[in-house]
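Hello,

Here is the structure I promised to pass on to you. Please open it next to this email, and I will walk you through what was found.

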Amino acid sequence: MRLFFARPIMMLMLTLAGFSSYAAENSIQISPENIANLGVILGKPEQVKQIPVLSAPAKVVVPPTQEYIVSASQFGVIDKLNVAIGDKVVKGQVLAQLNSPDLLTLQREYLKAVSALQLSSATFQRDKKLVEEGVIADRRWQETRIQHNSFVSEVNEQKQLLEIAGMTDSEITHLAKTHRLTRQLNVRAPIVGVVMERLAVAGTRIDMMAPLYRIANLDQLWLEIAIPQERMDSIKIGDRVVVENAVGATGRSPSAKITLLGQSVNPDNQTIVARAVLEPLHENAPLRPGQRLNTRIIQSSDKAVFKIPNTAIAQNEGNAYIFIRKPQGFLVTPITVVGKQDDQSIVSGELTADEEIAVKGAVALKANWLGLGSDE
């Protein structure tokens, strides 16, 4: 009489033939010469100190203290715009030139105040000498001094108005010496930075405080990260943030540190903003204001955690296991997956970085452990 076996049973018998193995509660006994028959490859877990918590989208922004709107300080006509979007500028550089009749009025008032002060100074010095000699009364000296101080204040006020208008100290000094009025007003950069936006066109008539340029210092940038509200409890101040798929000229991915967790939820997508300050970047780093990108939030771990390939993990009844190499086979060891990073997992459990584990072939070992054929 012939006996016919089902194909799965025949394959299981062929797989297990030629070596001694048996299933125990937490171990698998396999002879060394037959480990390769199961496609098992050994490796060591890598001990790490940081755990990837979650991935989240983010936007690169300029801190408000590093961004300026350069505006016209006086009414006038734009004669010339000297820089364009993307140009680097230094503090004090002339960005635009205006033809401003109001500037003439300010200069005239300043020169008028300077002339009055010069006359007052002569009277001040004369009466000071006379009061010291006892020729004039103290009351007259007090009146002269008060009047002189008033002229000094007037000059200071008019000078500050010229400075607000955009004139430099050297230009004001030159005006006081030459008494030459000019309608040309130079608009200068308030900071070292990059022109982010041009907001005016040459030849147009503009009012006082009309915007001309938007300039930003890009030496320091922030990330605004959208965190799902249900995951906010797992994020902490000081957590490290790594930008994915953005390697700079140094060969490192840009990273940041979380400094603020928002207090309000975006009603449109139910996320909360976390602010992270980016580390200083090389000038060729690939991050730009307004850019949207993906980030990975990483936390430091107080306990021993290890990085292993995902293929080293076997699942059974909702629990995760790895297989540690022993002289007689493998020890089935439960682990806890605390994070994932691409094709690797961060796990904790009773293991060290010195042990060898099955980094491939976990499915076949699981089948032996449970006394089954491969069910995955």
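Strand β9 contributes the most residues to the lining of the second largest pocket, namely 4. A pocket here is an open set of points on a 1 Å grid over the protein atoms alone, where a 1.4 Å probe fits and protein lies on both sides within 12 Å along at least five of seven lines; lining residues have an atom within 4 Å of a point. Strands (E, at least two residues) and helices (H or I, at least four) are DSSP runs, numbered from the N terminus.

Before going on, please note that this is a predicted model, in which local features need pLDDT of at least 70 and side-chain atom pairs count only at pLDDT 80 or more, while totals for chains, interfaces and linings use all residues. Residues are numbered from 1 along each chain as its sequence is written, and side-chain values use heavy atoms, with hydrogens and water left out.

Back to the pocket. Its volume is about 280 Å³, taken as the space filled by probe spheres set on the points, with grid points joined across faces, edges and corners. It is lined by 16 residues, and Gly166, Asn186, Val187, Arg188 and Ala189 are the closest to its centre. Two or more lining residues come from each of β5 (67-71), α3 (138-165) and β9. Sorted by class, the lining holds 8 nonpolar, 5 polar and 3 charged residues; Ala, Val, Leu, Ile, Met, Phe, Trp, Tyr, Cys and Pro count as nonpolar, Asp, Glu, Lys and Arg as charged, and the others, Gly among them, as polar.

β9 also belongs to a sheet. That open sheet has 4 strands in the order β9-β8-β6-β11, with antiparallel pairing. Its edge strands, which pair on one side only, are β9 (184-188) and β11 (205-206). Two strands count as paired if DSSP finds at least two bridges between them. Between β6 (residues 76-81) and β11 there are 2 bridges, and Gly76 has Ile206 as its bridge partner in β11.

Ser255 in β15 stands opposite Val242. β15 also runs antiparallel to β16 (residues 271-278), with 5 bridges between them, and here Ile258 is partnered by Ala276.

Which loop residues are worth a look for their phi? His179 is one of them, with a positive phi near 60° although it is a residue other than glycine. His179 sits in the loop between α4 (169-178) and β9 and is partly exposed, at 43% relative accessible area. Met209, not a glycine either, has a positive phi of about 70°. Met209 lies in the loop between β11 and β12 (211-216) and is exposed, at 55%. Buried means under 20% relative accessible area, exposed over 50%, and partly exposed in between (1.4 Å probe, protein chains only).

Gly371, which follows α5, has a positive phi near 70°.

For the whole protein chain, the count is 5 helices and 22 strands. Of its 376 residues, 37% are buried. Among contacts (heavy atoms within 4.5 Å) with a separation of 6 or more, 72% are between residues 24 or more positions apart.

Best wishes
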